[in-house]
Amino acid sequence: MHPFSLLVKPAGGGCNLDCSYCFYKKDHAAGTMSADTAARAFGAYAALPFAGKSVALQGGEPLLAFGTGVFQILDSFPVEKSVQTNATLVTDESAEFLARGGWLVGASLDGPRELNRLRGDSFDETVRGIRRLERANADYNLLTVVSRANVARPRDTYLYLRDTFSTRFHQYIECTGPRDAITGEEWGEFLVGLFDEWIRRDARTVSVRLFDSIVSQMALGFPTLCSFAASCRQYLVVEHDGSVYPCDFHVRPELRLGNVSEDPLEDIAASPAWARFAAAKEANLPAECRACRFFEFCRGDCPRSSRRLCAGWRRFFAHALPRLRELAQDACRRAAAQAFCNAAQ
């Protein structure tokens, strides 16, 4: 069986914020996953015959379901656990729970106050939630949406996040709509500015997920970002009612693959519908995309962007690949040296 992870929506599209660029809340109903549905989903997934299982709770805002037992049920299974949150609902109790269970917490913040404005009046509450995670020694990273609000200020965004919070793990994702979307050219300039500040002194101390994925591709032969993969088969989405879909950006009735309360998860994972969805990415790429000298790295990008960001990716890859290749070569040398040392012991 092809390994995959689960992306679970315990509160559906329900959220206590109304971020202007949110693609999920507007089109997906709020709801609360029942304890029975959670137990069925997590139990079926934990029993599948492959290693490296991981479950991520997202939304909407998944912490709306913290008191329902869903988090506690997932905590009882031997899988990697994570949650993506706007952090405004993080309490001392939930922070300690997440830290105690070894959860990875993604906290969403788009930079300093003036660059976080598309997330409503949430800045202070988000920072308070992150401080609670830090006091509890929870493992957390920062997720930043690059939108009209911050795209022109990559350096300010990065330095604020680096210097204000204890985590050394950053994620930057592009806003492609429905509102506040950026152009490919803007995305490329943001990435170049971010990369130049990062490579100057932080390449070995701060993890930027996008850069890490490219280094992984160079050193190990596979990316860690699903958007850079050849097909769309990295995870399944489980909505609050147990319905299963092939992708977070494609939770649509015509793409429903089944329901964990009615269908064996192994049958859903083996369904021809998911295989067709996964293969469509590569099958639908135009010839000019395949001929691009950077195709081996972006693989056509995420289908949701409809290749709108190509100009930005070309700008970034042309600028950053030589230095990233040096990092990959250095990683390979260090790994080989470590293997030699281990063999000699």
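Predicted model: local features only at pLDDT ≥ 70, side-chain atom pairs only at ≥ 80, totals over all residues.
Local features need pLDDT of at least 70 and side-chain atom pairs count only at pLDDT 80 or more, while totals for chains, interfaces and linings use all residues. Residues are numbered from 1 along each chain as its sequence is written, and side-chain values use heavy atoms, with hydrogens and water left out.

An open sheet is formed by 10 strands, in the order S7-S6-S5-S4-S3-S2-S1-S8-S9-S10. Its pairing is mixed. Strands (E, at least two residues) and helices (H or I, at least four) are DSSP runs, numbered from the N terminus. Two strands pair if DSSP finds at least two bridges between them. Strand S7 (207-208) and strand S10 (258-259) are the edges, each pairing on one side only. Strand S2 (residues 54-57) and strand S3 (residues 80-85) run parallel and are joined by 4 bridges. Ala56 has Ser82 in S3 as its bridge partner. Helix H4 (residues 123-135) lies across strand S4 (104-108) and strand S5 (139-146). It runs at about 155° to S5; axes are lines fitted to C-alpha atoms, for helices over the stretch in contact, and angles run from 0 to 180 degrees between N-to-C directions.

The largest nonpolar core holds 95 residues. Such a core is a set of buried Ala, Val, Leu, Ile, Met, Phe, Trp, Tyr and Cys residues joined through side-chain atoms within 4.5 Å. Buried means under 20% relative accessible area (1.4 Å probe, protein chains only). Phe42, Trp198, Ile214, Phe316, Phe317 and Leu324 touch the most other members. Helix H12 (residues 310-344) supplies the largest share, 8 residues. Beyond its neighbours within four places in sequence, Leu324 is in contact (heavy atoms within 4.5 Å) with residues including Phe195, Trp198 and Phe316. A second, separate core has 7 residues, among them Leu17, Tyr21, Val145 and Cys175.

Lys9 sits in the loop between strand S1 (5-8) and helix H1 (35-46). Lys9 counts as buried because its relative accessibility is 0%. Its side chain makes a polar contact with the side chain of Asp248, at 2.7 Å. A polar contact is a pair of N or O atoms within 3.5 Å; within protein, one must be able to donate a hydrogen and the other to accept it, and residues adjacent in sequence count only if both atoms are side-chain atoms.

The structure holds 0 disulfides, a disulfide being a pair of cysteine sulfur atoms within 2.5 Å. For Cys175, the nearest cysteine sulfur is that of Cys22, 10 Å away. Cys175 is buried, at 3% relative accessibility.

Terms used
Buried < 20%, exposed > 50% of the residue type's maximum accessible area, 1.4 Å probe, protein only.
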